[in-house]
Amino acid sequence: MTRATARHRRTASALMALALAGGMSAAALTSAAPAHADSWRDKEYWLAESGITKAWEVSKGAGVKVAVIDSGVDGKHPDLAGVLAGGADISGAGGANGQESIGAKPEHGTLVATMLAGRGHQPASATAKPSAGASSGPAGGPDAGPDGVVGVAPEAQLLSVSTWLGSANPGGKSDQDQIPEAVRWAVDNGARVINISLGSTSPEWPQSWDAAFLYAEQKDVVIVAAAGNRVGGNVQVGAPATIPGVLTVAGLDRNGAASIDASSQGISIGVAAPAEDLVGGMPGGGYAEWAGTSGATPIVAGVAALIRSKWPEMSASQVINRIVSTAKDAGAPGKDPLYGFGVLNAEAALKADVPETKVNPLGSISDWIRVQRRGNLATTAPAATPPPSSAAPTLPEATVPVAEKPSQLDSAVPAAVVLGFGFLFVGIIAAAAFQLRAAMRSSPKEGADRPERPDRPGPGAADSVDSSHPS
């Protein structure tokens, strides 16, 4: 590997890691100690505006496991009591159960988890009077405590899969190794939905990721990923949100328009959800206001959990189709690179009549591998390599085949062949005409060698001889 290539790989991997930090706006992140529901629950405007409280009339997410591939989830947060159903550390540097907050942004995973499946909590005082938004009212969510943050799928269970991203990993695994391993672990441990609130500035991904995402597709798992944020350097959607079949989430501002800072754009976007003025839980029991598609992603992943709870036999393709086909069209008519199919409408996703489909509207990694990699699906797993003793974040340079322009020769050869035959034909005709003319000129005219009467040459007999003939 040349030094230039090595520098390119280090730069690309750093951008990949920064996407986790870019999952929230650093300027918007403010934390506080545990507070009453009036301080935090009432700030969850998306529960009503995105149709989630109405969707709770149909499903609460019970019986569905959602894997959160992130920086670790603090299972001791009061809003996550009883929510964690297992976990693992993929980085080699965190807690074995995935509940230790690690990496450059250790709070990130807990923020995501509380927005996805938080259950709130009861007031510290047993005699405290429940406030508006308690479990008896839709604003507090079903069976949720009146205080703290309630998630979109408050009866779902979470699997915390911790990864170390954003800085050198003391556990020795690079991010390119952690992501596919995390996806496989989540699938093998019963996740029906996987939330990935991270990304990169590059739309391309390592070929070593193909097998893991193909595995998830074959096991019928819904993967929801963040589109990234312009404020974090993600001008366009980056991997893994560009992988075919993944439900990519763009961000909206408080007015429901595409967020300038807390979103990006790209043809792989499937749906848009709130990404500004968000609130979530922090490790240690606190809370924070934050922004970014990292927060929009668990909103959509939560809706996917609601659907899978209502219709356990529904395929991943149908779940994704139900979400995008019921979205409210926004921006340019039809699917566009800012909103995808439109703005999330959780109530319609749970209540509308949606025709069944066997095709994922966002594509298939299986089909993509067959066309782009031109490899046998059975041999897409990366070769095993010994882990390094320490590793900085690494995202290899692009391996996605790039379409080549048609060769000039491809179009020139047929034309040259036609012209060549044309010239040859004309040459043959010309040569034949020349030979014929020569033959005619070399032959005497009729009667030139036979005077009519040799003893009486008539006048003008000499003029009957071809002038080209020698005398």
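**Figure 1. Contacts across the whole protein.** Residues 24 or more positions apart account for 80% of the contacts in the protein that have a separation of 6 or more. The model shown is predicted. Twelve helices and twelve strands are present in the protein. The protein has 471 residues, and 51% of them count as buried.

**Figure 2. Helix H5 and its covering.** Helix H5 covers residues 108-117. H5 is mostly covered, with ten of its ten residues buried. The buried residues of H5 include His108, Gly109, Leu111, Ala113 and Thr114. Val112, Met115, Leu116 and Ala117 are also buried in H5.

**Figure 3. Threonine 110 in helix H5.** Threonine 110 is found in helix H5. Its relative accessible area is 0%, so threonine 110 is buried.

**Figure 4. Helix H5 crossing helix H8.** Helix H8 spans residues 293-310. The axes of H5 and H8 come within 8 Å and cross at roughly 35°. The crossing of H5 past H8 is right-handed. On the H5 side, the contact uses His108, Val112, Met115 and Leu116. On the H8 side, these meet Ser294, Gly295, Pro298, Ile299, Ala301 and Gly302. By class, the contact of H5 with H8 holds six nonpolar and four polar residues, and no charged ones.

**Figure 5. Alanine 153 between two strands.** Alanine 153 is found in the loop between strand E5 (147-150) and strand E6 (157-162). Alanine 153 counts as buried because its relative accessibility is 0%. Leucine 116 lies 37 residues from alanine 153 along the chain, yet their C-alpha atoms are separated by 6.0 Å. Residues up to four places away in sequence are not counted here: alanine 153 touches Lys60, Gly61, Leu116, Ala117, Gly302, Ala305 and Leu306. Two of these, Leu116 and Ala117, are buried residues of H5.

**Figure 6. Alanine 191 between a helix and a strand.** Alanine 191 is found in the loop between helix H6 (175-188) and strand E7 (193-196). With a relative accessible area of 3%, alanine 191 is buried. Alanine 191 and alanine 67 are 124 residues apart in sequence. In space, they are 5.6 Å apart, C-alpha to C-alpha. Not counting residues up to four places away in sequence, alanine 191 touches Lys65, Ala67, Leu159, Ala186 and Val221.

**Figure 7. Helix H7 packing with helix H11.** H7 and H11 pack at an angle of about 145°. Their axes are 9 Å apart. From H7, the contact takes Asp210, Phe213, Leu214 and Glu217. From H11, the contact takes Ile365, Ser366, Trp368, Ile369 and Arg373. By class, the contact of H7 with H11 has five nonpolar residues, one polar and three charged.

**Figure 8. The second largest pocket.** About 300 Å³ of space lies in the second largest pocket. Its lining is made by 23 residues. Glu217, Gly245, Ser317, Asn360 and Gly363 lie nearest the centre of the pocket. Helix H7 (210-218), strand E8 (222-226), helix H9 (316-325) and helix H11 (365-373) each supply at least two lining residues. The lining divides into twelve nonpolar, seven polar and four charged residues. Glu217 also takes part in the contact of H7 with H11.

Terms used: Residues are numbered from 1 along each chain as its sequence is written. This is a predicted model: local features need pLDDT of at least 70, side-chain atom pairs count only at pLDDT 80 or more; totals for chains, interfaces and linings use all residues. Side-chain values use heavy atoms; hydrogens and water are left out. On a 1 Å grid over the protein atoms alone, a cavity is a set of points where a 1.4 Å probe fits but cannot get out, and a pocket is an open set with protein on both sides within 12 Å along at least five of seven lines; lining residues have an atom within 4 Å of a point. Grid points are joined across faces, edges and corners, and a volume is the space filled by probe spheres set on the points. Helices (H or I, at least four residues) and strands (E, at least two) are DSSP runs, numbered from the N terminus. Ala, Val, Leu, Ile, Met, Phe, Trp, Tyr, Cys and Pro count as nonpolar, Asp, Glu, Lys and Arg as charged, and the others, Gly among them, as polar. Axes are lines fitted to C-alpha atoms, for helices over the stretch in contact, and angles run from 0 to 180 degrees between N-to-C directions. A crossing is left-handed if the near helix is turned anticlockwise from the far one by less than a right angle, and right-handed if clockwise. Contact means heavy atoms within 4.5 Å. Buried means under 20% relative accessible area, exposed over 50%, partly exposed in between (1.4 Å probe, protein chains only).
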